[in-house]
Amino acid sequence: MRKLRWAWWAVVAWCWAIVASPAHAQEFVLQPRQVGAHSWAVFGESGMATAANRGFNSNAGFVVTPGGVVVFDTLGTPALAEAMIAAIRRVTPQPIRRVIVSHYHADHYYGAQAFKAIGAEIWAHEAGRGVVGSDDAKARLEQRRQDLFPWVDEKTQPVEADRWLAFGERGSIDFDFGGMKFRLIDVSGAHSPQDVMMYVEGDRVLFAGDLYFTGRIPFVVGANTKRWLQAMDRIAEVNPRVAVPGHGEASDRVMADLTLTRDYLRYLRETMGKAAEAMDDFETAYDRVDWSRWEKLPAFLPGNRLNARSVYLEMERESLGR
């Protein structure tokens, strides 16, 4: 009887090892949605990345051309990236040639190693140099290995770009690929130091990264909200038919949906700016603010207080002229 119990527990442990292993994670099936004549995207869940949602809380896209595939962002784990590669191959036999990284936040670039392994060339903003090897990035990786195990584990290795993009004063880089025209737009220093958007001219589709959110509050910690609001004007200048955000659903009402993020950032700056100017204690100031417009949106509970604290500190620095 004892041998039977041990055998039963061995089977349970074996089954759990299969379910929880990174190899099993590679069996994810992502369903890309077409957002333009040549443009496709995959959409993560709203909210924060967790082990329960397998780290799938961000979006990524790809553009199919006669000369190969251009990818925008690589999702938050190698397993998700491998699932995205499989999804691309279900859409087209064209090889995956180039990857554009919107910025160096874990949920957007941890899958880059899977694309690098198949020979894709990775492009990113020059402000990303050295990020992968920094102490902050190493600490973030260890945290993700704990919180998102087994989807992020010891085999997860963030990789550097093959080409670092220098935008110069113009603030954009145009390139032709497979007979199609692309424009990379520099909006760095807003959400992150390395923000890049990609506009597909023929499709009039904008892959906006984390400068544009739909249906949820944005992640603002460490951002420069003043520059972020200015960066939103770049989206209006492009006037895309469809915008694919870094999180949330694609929008064909781009200007209307832009209002959500813009209003949220302005509200944070207004309320936290008044508190900082009056030198009010943050916790007291936060608790007296009316958050009712935002509190039912995904990511509000885990993110809003952190966002508000970050903007409070930002407004303190602005008031001191820093």
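Student: Is N239 buried, exposed or something in between?

Tutor: N239 is partly exposed, because its relative accessible area is 41%, and that value falls between the 20% and 50% cut-offs. Keep in mind that this is a predicted model.

Student: Okay, and where in the chain is N239?

Tutor: N239 sits in the loop that runs between α7 (225-238) and β12 (242-247).

Student: What is its phi angle like?

Tutor: Phi of N239 is near 55°, which is a positive value in a residue other than glycine. R54 has a positive phi too, about 65°, and R54 is not a glycine either.

Student: Where's R54, then?

Tutor: Look at the loop between β2 and β3. R54 counts as partly exposed because its relative accessible area is 38%.

Student: What about T50, which loop is that in?

Tutor: T50 is also in the loop between β2 and β3. Its relative accessible area is 33%, so T50 is partly exposed.

Student: What does T50 touch, if I skip residues up to four places away in sequence?

Tutor: T50 touches G55 and L148.

Student: And how far is T50 from Y312?

Tutor: In sequence, T50 and Y312 are 262 residues apart; in space, they are 27 Å apart, going from C-alpha to C-alpha.

Student: New topic! Is the peptide bond from F149 to P150 cis or trans?

Tutor: That bond is cis, with omega near 10°. P150 itself belongs to the loop between α6 (135-147) and β7 (163-165).

Student: Let's zoom out. How many helices and strands does the protein chain have?

Tutor: The protein chain has 10 helices and 12 strands. Its C-alpha trace spans about 70 × 55 × 35 Å along the principal axes.

Student: What share of the residues is buried?

Tutor: Of the 322 residues, 54% count as buried.

Student: Why would nonpolar side chains gather inside?

Tutor: In soluble globular proteins, nonpolar side chains tend to be buried together.

Student: Can we stay with V71? Which residues is V71 in contact with, leaving aside neighbours within four places in sequence?

Tutor: Among the contacts of V71 are F62, M84, I88, V99 and F115.

Student: How many contacts join residues at least 24 apart in sequence?

Tutor: Among contacts between residues at least 6 apart in sequence, 67% join residues at least 24 apart.

Student: Last one: how far apart are the mean positions of the positive and negative charges?

Tutor: The protein chain has 38 positive and 40 negative charges, and their mean positions are 4 Å apart.

Definitions and conventions: Residues are numbered from 1 along each chain as its sequence is written. This is a predicted model: local features need pLDDT of at least 70, side-chain atom pairs count only at pLDDT 80 or more; totals for chains, interfaces and linings use all residues. Side-chain values use heavy atoms; hydrogens and water are left out. Helices (H or I, at least four residues) and strands (E, at least two) are DSSP runs, numbered from the N terminus. Buried means under 20% relative accessible area, exposed over 50%, partly exposed in between (1.4 Å probe, protein chains only). Contact means heavy atoms within 4.5 Å. Lys and Arg count as positive and Asp and Glu as negative; His and the chain ends are not counted. The place of a charge is taken as NZ of Lys, CZ of Arg, CG of Asp or CD of Glu.
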